[in-house]
Amino acid sequence: LPLLLEATLLWLASGSHHPFYNGFYYNRIVNDKDNGQEKVVYFNGARLVVETPKDPVYSSNGANVTLPCHYHYEPDQEAKRKIRIKWSKLRDDYTKEQDVLVAIGKIYVAFGDFRGRAHLHQAGRREASLVVSDVRLQDDGKYRCEVIDGLEDESNVVDLRLQGIVFPYQPPHGQYSLNFHEAERVCQEQGAILATFNQLFQSWTEGLDWCSAGWLADGTVQYPIRLPRKACGGVHLAPGIRSYGPRHRHLHRFDAFCFSSALRGEVFYLDHPAGMTLEEAKQSCQDVGAKIARVGQLYSAWKFLGLDRCDAGWLADGSVRYPIAQPRANCGPAEPGVRSFGFPSKGRFGVFCYKER
């Protein structure tokens, strides 16, 4: 931008062209520190201001959401040309931003996973809000709203948070057996994605306490502790998120913290007087037009729909679990939660099925 500005000013200084004016006058002056460095200031014009909400915008899986963004000039004036608007998603690992949408006037183009799901909402004057339909788990995060008017380029950020739940996951072959890429895959297989640090922190504030380290979406390995104890960093450390920092994504192995949001369907329990094997359980769900539930779906049904069942049932990964919303005698610990029997190679149980609405 400074090079572009300098070239424009040199072109204007030549005197052989008609004056260029888009509502802004620029002047080069020495900065306040008088150290020889130059800066651009507004000399006789208006400042472009982009405004977004300070508080997060909340949504859930499968919903539609609007990310508000408005712009104005100080002092007020009309734009002299078509405004260019760009939306991008900031990455958790601070690498290059992901393009979401670019628009000039009423013409726009959406990119990647947002193609067909993102468009501008411009009902009001100087509105540049982004509408995302059919929200997905991966949409959670920070978005930049950028407004460009000629040489003026200002932006601000909107924080989109999905209402969801973080759950620790260990695969059938045991603890600390997943590299980063395997952790990504197992979360997806369970109807979830790797959790971000913000999602893990939110779950910690809601009571998550887990003494096994797991991968997060940014490639770090961490774990949440509510009750300090010897085996979990020591009794003298305060409660909080313990961090191993970034780990080698291919060589190092840990568990995973997965994130799942609200469901588009329902989870229900099927039983048989003699119980069922895993294969029989899968078939029973198919017989009623459903599929055997995944772990993320069971956690979501427990958290958002209050699913409470004191009967163990098969899930798609071969584990046996049951959700308790109202703790009671003979149903495990005194706290609500999803109980696990692990991955039994034998045994006959009921099954949790999932059906789309």
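Mentor: Start with a cysteine pair. C69 and C145 form a disulfide, with sulfur atoms 2.0 Å apart; the term covers a pair of cysteine sulfur atoms within 2.5 Å. The model is predicted: local features need pLDDT of at least 70, side-chain atom pairs count only at pLDDT 80 or more, and totals for chains, interfaces and linings use all residues. Residues are numbered from 1 along each chain as its sequence is written, and side-chain values use heavy atoms, leaving out hydrogens and water.

Trainee: What is the angle about the S-S bond of C69 and C145, and which hand does the link have?

Mentor: The angle is -80°, and the link is left-handed. C69 sits in the loop between β5 (65-67) and β6 (70-74) and C145 in strand β12 (residues 141-149), so the pair ties together parts 76 residues apart in sequence. Strands here are DSSP runs of E, at least two residues; helices are runs of H or I, at least four; both are numbered from the N terminus.

Trainee: Are C69 and C145 buried or exposed?

Mentor: Both are buried. Buried means under 20% relative accessible area, exposed over 50%, partly exposed in between, with a 1.4 Å probe and protein chains only.

Trainee: How many disulfides does a search of the whole structure find?

Mentor: Five. Counting bonded cysteines along the chain, the pattern is 1-2, 3-6, 4-5, 7-10, 8-9. One of the disulfides joins C285 and C353, with sulfur atoms 2.0 Å apart. C285 is in helix α4 and C353 in strand β25, 68 residues apart.

Trainee: Now helices. How do I read a face?

Mentor: An α-helix has 3.6 residues a turn, so residues three or four places apart point the same way. In α4 (residues 278-287), the buried residues are A281, S284 and C285. Seen down the axis, they fall within an arc of 95°, so they line one face. That arc is taken from the directions from the helix axis to the C-beta atoms. On the other side, E279 and D287 are exposed.

Trainee: Which strands stand at the edges of the open sheet?

Mentor: First, the order: six strands run β4-β13-β12-β7-β8-β9, with mixed pairing. Strands pair if DSSP finds at least two bridges between them. β4 (57-59) and β9 (107-110) are at the edges, each with a single partner strand, so one side of each lacks a neighbour in the sheet.

Trainee: How do β4 and β13 pair?

Mentor: In the parallel sense, over three bridges. Within β13, R161 is the bridge partner of Y58.
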